[in-house]
Amino acid sequence: MNHGGEKRWDYLLIGGEPCTLAQKIDVWNPATGKLAGQVPRGGAKETALAIDAAARAFPQWAKLPAKVRSGYLTDWAERIERDAKRLAGLLTLEQGKPISEAMDEIQGSVEFIRWYAEEGKRAYGELIPGSREQQRIMVLKQPVGVVGMITPWNYPAAMVARKAAPALAAGCSVVIKPASQTPQIAIALIHHLVDTGIPAGVVNVVTGSAAEIGETMLTDQRVRKISFTGSTEVGKEIMKKAAGQVKRLSLELGGNAPVIVFPDADLAKAAQAIVDNKFENCGQMCNGINVIYAHESILPELAERITSLVRSLQVGPGTEQGIQMGPLIDETAVSRVERLVADAVERGAQVTTGGYRLGAEGLELGHFYAPTVLTGVTREMAITHEEVFGPVAPIVSFRTEEEVLAWANDTPYGLAAYFFTTDVSRVYRVSEALQAGMVAINGTSLSVPQAPFGGIKESGTGREGGHHGLEEYLELKYVSLTLP
Ligand code: NAP
C-alpha cells in the first residue's frame with residue numbers, strides 16, 4: 001500500500017482501502033508512559049462496511065483453488081519475515097515485551113502462516129459407502145463464510161496470524177478487530193498481506209470501540225463465525241450473544257495453569273523451564289504458569305534455584321539490548337499484581353525476591369513490577385485461584401499426587417498444565433488426570449503451528465494450530481447421490 005513511501009499504521013482497512021477517521025484512540029508505550037501512536041476510533045458503521053466488503057469478497061475467494069490462496073499466504077509470510085526487525089520494534093513499542101521476544105513472536109507468526117499455507121491444500125473431504133446399491137455419499141468441506149476476529153494485546157501479532165492464516169487458507173474472508181492497546185502491529189501485519197495483491201475485501205481491519213464492533217459482528221447474519229481470544233468474562237458475553245444467530249465460535253480464554261514438580265524431577269531443568277515460562281511477556285501469557293506446586297521434599301531446593309534465576313533477570317524497557325523482562329501493559333495490571341502479592345503476604349507468604357513496583361530512574365513512568373517469587377503460599381490465598389497475569393511465581397507445598405491433582409483441577413479454567421517427573425507411569429497417570437486442553441511434561445513450551453492449542457472448561461472452546469485449527473473454519477456438507 002502506498003503512503004508516499006512512508007510506513008504508517010494508523011488506518012482502518014475496509015474493502016482493500018485504507019481509511020482514517022477524525023476520532024482517534026491513543027496508543028501508549030507501557031515502558032515510558034508516552035504516546036506510541038494513534039489509530040481511528042471505528043464503530044458500528046465502519047464494522048458494517050467491513051462486513052459488506054468481506055461478504056462481497058467471500059464467494060470468489062472461496063472458489064479459488066487452495067493452491068492460489070496458499071500463494072498469497074506464502075508471499076505474506078515472506079514479506080513479514082523480511083520486515084521482521086521493524087515489526088518487532090513496533091510490537092515492543094506498544095506492547096512492552098523485550099525485543100528478543102518480539103522477534104520470536106514475529107517469527108512464530110511467520111511459521112503459522114507458512115504452515116497453514118500448506119495445510120489449506122489438505123482440506124480433504126470423504127467418500128463414504130452408501131446404504132443402498134445406488135447410493136454414493138460424499139462429505140465436502142467448505143469455508144464457513146465471513147469470520148469476525150477479536151484479538152488481545154498480549155500476543156498481538158501471533159493472534160492475528162493464528163486466526164487469519166487458517167481462516168484465509170480455508171477460503172473464509174475476515175474482519176479483524178485488534179486490541180485497542182496494541183492495534184498498530186495488527187495493521188502493520190495486514191498491510192503486508194494487502195501488498196501481496198490479495199483481492200480487496202478478503203481481509204479487513206477495524207480498530208475502535210470494542211462494544212460497537214463486537215455487537216455489529218455478533219448481530220450481522222453474514223458473519224458466520226467469531227474467533228475470539230481474550231478474557232473469560234468477555235468470552236462468555238460473546239457466547240451469549242452469538243447464540244442469537246447460532247454462530248460458530250472459537251474462544252481462547254483465560255487460564256490458571258499449574259506446574260507440578262514431583263520429587264523425582266530434574267530440579268535444575270525444572271527451575272529453568274519454569275522461569276522461562278513464568279516470566280515470558282512479564283507473566284502476561286494465557287498459558288503461563290500461575291501456581292507452582294512443589295513436593296515438600298524438594299521445595300527448598302527448587303525455591304532456591306528459581307529465586308536465584310529470577311534475581312538475575314534483567315528488567316527494563318524492551319527496546320534496550322539484553323533486557324529479559326519488560327513492563328506490564330498498564331496501571332490496572334500493576335495494581336492487580338500488587339493486590340495479589342499483598343493478600344498472599346498478609347496471609348503468611350514469604351517474598352524470596354521482588355515483591356514491589358519498580359520505580360527507579362528511567363522506569364518511573366512505565367508499568368514495571370519486580371520479578372517476584374513467593375514461598376509459603378497456601379490454597380487460601382487469592383493468587384492461587386485468580387489469573388495473576390504478571391511476574392509473580394507463587395510456590396505451594398504438596399505431599400501426595402492425589403492431593404496435588406485435586407488442587408490443580410480445582411479451578412474453572414482448563415487451558416494448560418505442566419509437570420516434571422522421570423517416572424514413566426506417572427507421566428501417563430498425571431497427564432490423563434489433569435483437566436486441561438494442553439499438558440507439557442518436563443518442559444513448558446507449547447505453542448507450535450502443527451499442534452492444537454486451546455482449552456477446556458472456562459478456558460474456551462475450539463483450537464488454533466494443527467489440522468484441527470483449519471477445521472474451525474470449515475463446514476461439513478454431506479451430499480447423497482442416488483445413481484440413475
Ligand atoms: P479482553 O479484555 O477480553 O480483550 C480482548 C479483546 O476483546 C480486545 O480486542 C478487546 O477490545 C475486545 N473486547 C473487550 N470487550 C468486548 C466486547 N464487549 N465485545 C467484543 N469485544 C470486546 O482481554 P485482554 O485483557 O485484552 O486479554 C487478556 C486475557 O486474554 C487473559 O485472560 C488471557 O488469559 C487471555 N488470553 C487467552 C489466550 C488463549 O489462547 N487462551 C491467548 C491470549 C490471551 P479493546 O481492547 O478495545 O477493549
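**The ligand site**

Mentor: The ligand sits in the largest pocket. A pocket here is an open set of points on a 1 Å grid over the protein atoms alone, where a 1.4 Å probe fits, with protein on both sides within 12 Å along at least five of seven lines. To sit in one, more than half of a molecule's atoms must lie within 2 Å of its grid points. This is a predicted model: local features need pLDDT of at least 70, side-chain atom pairs count only at pLDDT 80 or more, and totals for chains, interfaces and linings use all residues. Residues are numbered from 1 along each chain as its sequence is written, and side-chain values use heavy atoms, without hydrogens or water.

The shell around the ligand holds 26 residues (a heavy atom within 4 Å). The closest are Thr-151, Ser-180, Ser-231, Leu-253 and Glu-387. By type, the shell splits into 14 nonpolar, nine polar (Gly among them) and three charged (Asp, Glu, Lys and Arg). Domain 1 (12–253 + 459–480) and domain 2 (257–448) both give residues to this shell, so the ligand lies between them. Those bounds come from an automatic or database domain assignment.

Now the polar contacts (N or O pairs within 3.5 Å). A ligand oxygen is 2.6 Å from a side-chain N or O atom of Ser-231. For the side chain of Glu-387, a ligand oxygen is also 2.6 Å from an N or O atom. At Gly-230, a polar backbone atom is 3.1 Å from a ligand oxygen.

Definitions and conventions. Polar contact = N/O pair within 3.5 Å; in protein donor to acceptor, adjacent residues only side chain to side chain. 1 Å grid on protein atoms, 1.4 Å probe; cavity = no way out; pocket = protein on both sides within 12 Å on 5 of 7 lines; lining within 4 Å.
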